[in-house]
Amino acid sequence: MLFRSITARNNLTLNIELRSGGDIRVFVKGQINIGTGFIIERPQGGQIKDVYFETHYGLNVGETDPAMVIGRNARLRGTFYAPYGDIGNSNNSSFDGIMMYGSLYSGGNVYVHNNSVVRFVRSRALWDENR
């Protein structure tokens, strides 16, 4: 799937259903902005390593905001890849209290603040040699 940008408002829950052992790959040209309390539930019919988000925000001149912004107390599952920008923000604590099951990759910086936990799960999209 290809999107211009993604904005998920506060306290939204995303349920992902994968069929036949497949995966989901979401490509975003612009910024990914996830609100406070956003939840990505454990995928049904698949694994955390089967969920992949990629943003190319920051590739164009003048795009200086983080490629991916995550609100407080978000619960994320999957891989988030921002090859041309930062994930999070160094100037504020918007990345507080995050629970992440998966992986965060950035061509810049990944900022994780107070009371956050990242439990690494290797991405099938980035590391599976059979694909």
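Predicted model: local features only at pLDDT ≥ 70, side-chain atom pairs only at ≥ 80, totals over all residues.
Local features were required to have pLDDT of at least 70 and side-chain atom pairs pLDDT 80 or more, while totals for chains, interfaces and linings use all residues. Residues are numbered from 1 along each chain as its sequence is written, and side-chain values use heavy atoms, with hydrogens and water left out.

Three aromatic pairs are present, a pair being rings of Phe, Tyr or Trp (its six-membered ring) with centres within 6.5 Å; planes under 30 degrees apart count as stacked, over 60 as edge-to-face and the rest as tilted. One of them, F53 with F80, is stacked, at 4.9 Å centre to centre and 5 degrees between the planes. Because F53 belongs to strand 7 (residues 51-55) and F80 to strand 9 (residues 75-82), this pair ties together parts 27 residues apart in sequence. Strands are DSSP runs (E, at least two residues) numbered from the N terminus. F53 is buried, with a relative accessible area of 9%, and F80 is buried at 1%; buried means under 20%, exposed over 50% and partly exposed in between (1.4 Å probe, protein chains only).

The rings of Y81 and Y105 have centres 6.5 Å apart and planes at 80 degrees, so this pair is edge-to-face. Y81 lies in strand 9 and Y105 in strand 10 (residues 99-106), so parts 24 residues apart in sequence are tied together.

Strand 9 also holds R77. The side chain of R77 reaches the backbone oxygen of I40 at 2.8 Å.

Terms used. Helix = DSSP H or I, 4+ residues; strand = E, 2+ residues; numbered from the N terminus. Polar contact = N/O pair within 3.5 Å; in protein donor to acceptor, adjacent residues only side chain to side chain.
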